[in-house]
Amino acid sequence: MKEEKTTPLRQRMIEDMRIRGMAEKTQAAHIRAVKDIAMFLRRSPDTATPEELRAYQLHLTNAGMTATTFNVRIVSLRFFFGMTCGRDEMKRHMQFRRAPRNLLAVLSIEVVGDIPAAAPGSGLKCRAALGISYGAGLRAAEVCPLRVQDIESDRMMIHVEEGKRERDRKAMLSPGLLELLRDCWRETRPDGWLFPGLPRVSPISPRRLNRAFASAKHMAGVTRSATLHTLRHSFATKSSRCTRPSHLRSMRIIMESPDVSALSP
């Protein structure tokens with residue numbers, strides 16, 4: 001979290017989150033939730049009563065908040081009241097909502113191939129970034145900060161640093177994707193970031209990558225509802241259908257072996 005002047009209550013909550021090693025995005029989400037209930041109460045949130053907490057949850061429901069967002073708020077408030085305020089009894093008055101279990105959108109291999117090919121711009125950067133989202137099953141937040149040295153061409157692996165829950169992991173690299181990345185590297189000659197943004201000292205942002213996907217989807221004539229994360233769902237579905245238990249054991253051995261190689265051929 002950024003250092004700023006704040007109330008003692010908020011400072012204590014920030015310290016509690018730091019002690020537990022929470023990621024910055026998680027800290028920001030917790031702070032937003034507490035600020036929102038404070039605005040609802042129009043006073044310090046640590047003085048909330050069980051009945052006021054119930055009224056706040058009803059307010060969120062009537063506002064049309066999705067079950068996922070609602071439950072994130074509840075997690076934040078449970079931390080605030082339980083850890084920062086020492087009021088564990090308030091947890092009894094916070095209810096999680098059941099989220100509908102919808103089937104994930106999955107794109108066919110043909111459609112997946114059309115979208116990166118229609119990526120905006122005259123260069124290969126957006127095409128390669130979208131290609132790696134599907135070809136390696138990476139999230140937008142994992143694609144953008146990739147560096148040239150993260151492409152381990154001799155082992156056909158991609159090193160993902162601080163992915164979800166700030167954990168490092170390995171992703172498989174196909175020969176076709178490696179060739180596309182090499183073509184992109186020859187064209188842009190990046191010094192550090194594999195997909196540099198503007199200015200080049202920073203990587204491309206997830207927002208820009210999502211916009212590139214939306215534009216490519218439109219140019220490819222794909223009318224089905226899909227987001228950039230749909231590429232990851234499609235990759236996971238394809239992998240689950242094609243992967244055998246013996247392959248999984250081999251992948252585990254490969255991923256546990258530390259080594260790094262250059263992207264350049």
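What share of the 265 residues in the protein is buried? In this predicted model, buried residues make up 38% of the 265 residues. The secondary structure comes to 11 helices and 3 strands, and from the N terminus on these elements follow the order α-α-α-α-α-α-α-β-β-β-α-α-α-α. Among the contacts in the protein with a separation of 6 or more, 60% are accounted for by residues 24 or more positions apart.

**Packing of α2 and α3**

- Helix α2, which covers residues 24-41, packs with helix α3, which covers residues 50-62, at an angle of about 105 degrees, and the axes of the two helices are 11 Å apart.
- Angles of 65 to 115 degrees count as roughly perpendicular, and α2 and α3 are therefore roughly perpendicular to each other.
- On the α2 side the contact is made by Ala 33, Asp 36, Ile 37, Phe 40 and Leu 41, while α3 contributes Glu 52, Leu 53, Ala 55, Tyr 56, His 59 and Leu 60.
- By residue class, this contact of α2 with α3 divides into 8 nonpolar, 1 polar and 2 charged residues.

**Aromatic pairs**

- The count of aromatic pairs in the model comes to 2, and one of them is formed by Phe 80 and Phe 81, whose arrangement is edge-to-face, with 5.0 Å from centre to centre and 70 degrees between the planes.
- Because buried means under 20% relative accessible area, Phe 80 counts as buried at 1%, and Phe 81 likewise counts as buried at 0%.

**Charges over rings**

- Arg 97 has its charged end over the ring of Phe 70, at 5.2 Å from the centre of that ring.
- Arg 147 lies over the face of Trp 193, where the distance to the ring centre is 3.8 Å.

**Pro 120 and its surroundings**

- Pro 120 is found in the loop between α5, residues 109-117, and α6, residues 125-135, and with a relative accessible area of 31% this proline is partly exposed.
- Although Pro 120 and Ser 215 are 95 residues apart along the chain, their C-alpha atoms are separated by 6.7 Å.
- When neighbours within four places in sequence are left aside, Pro 120 is in contact with Cys 126, Ala 212, Ser 215 and Ala 216.

How values were computed. Residues numbered from 1 in each chain as written. Predicted model: local features only at pLDDT ≥ 70, side-chain atom pairs only at ≥ 80, totals over all residues. Heavy atoms only, no water. Axes fitted to C-alpha atoms, helices over the stretch in contact; angles between N-to-C directions. Helix = DSSP H or I, 4+ residues; strand = E, 2+ residues; numbered from the N terminus. Parallel < 35°, antiparallel > 145°, perpendicular 65-115°, else oblique. Contact = heavy atoms within 4.5 Å. Nonpolar A, V, L, I, M, F, W, Y, C, P; charged D, E, K, R; others polar. Phe/Tyr/Trp six-rings, centres within 6.5 Å; stacked < 30°, edge-to-face > 60°. Buried < 20%, exposed > 50% of the residue type's maximum accessible area, 1.4 Å probe, protein only. Lys NZ or Arg CZ within 6 Å of the ring centre and 35° of its normal.
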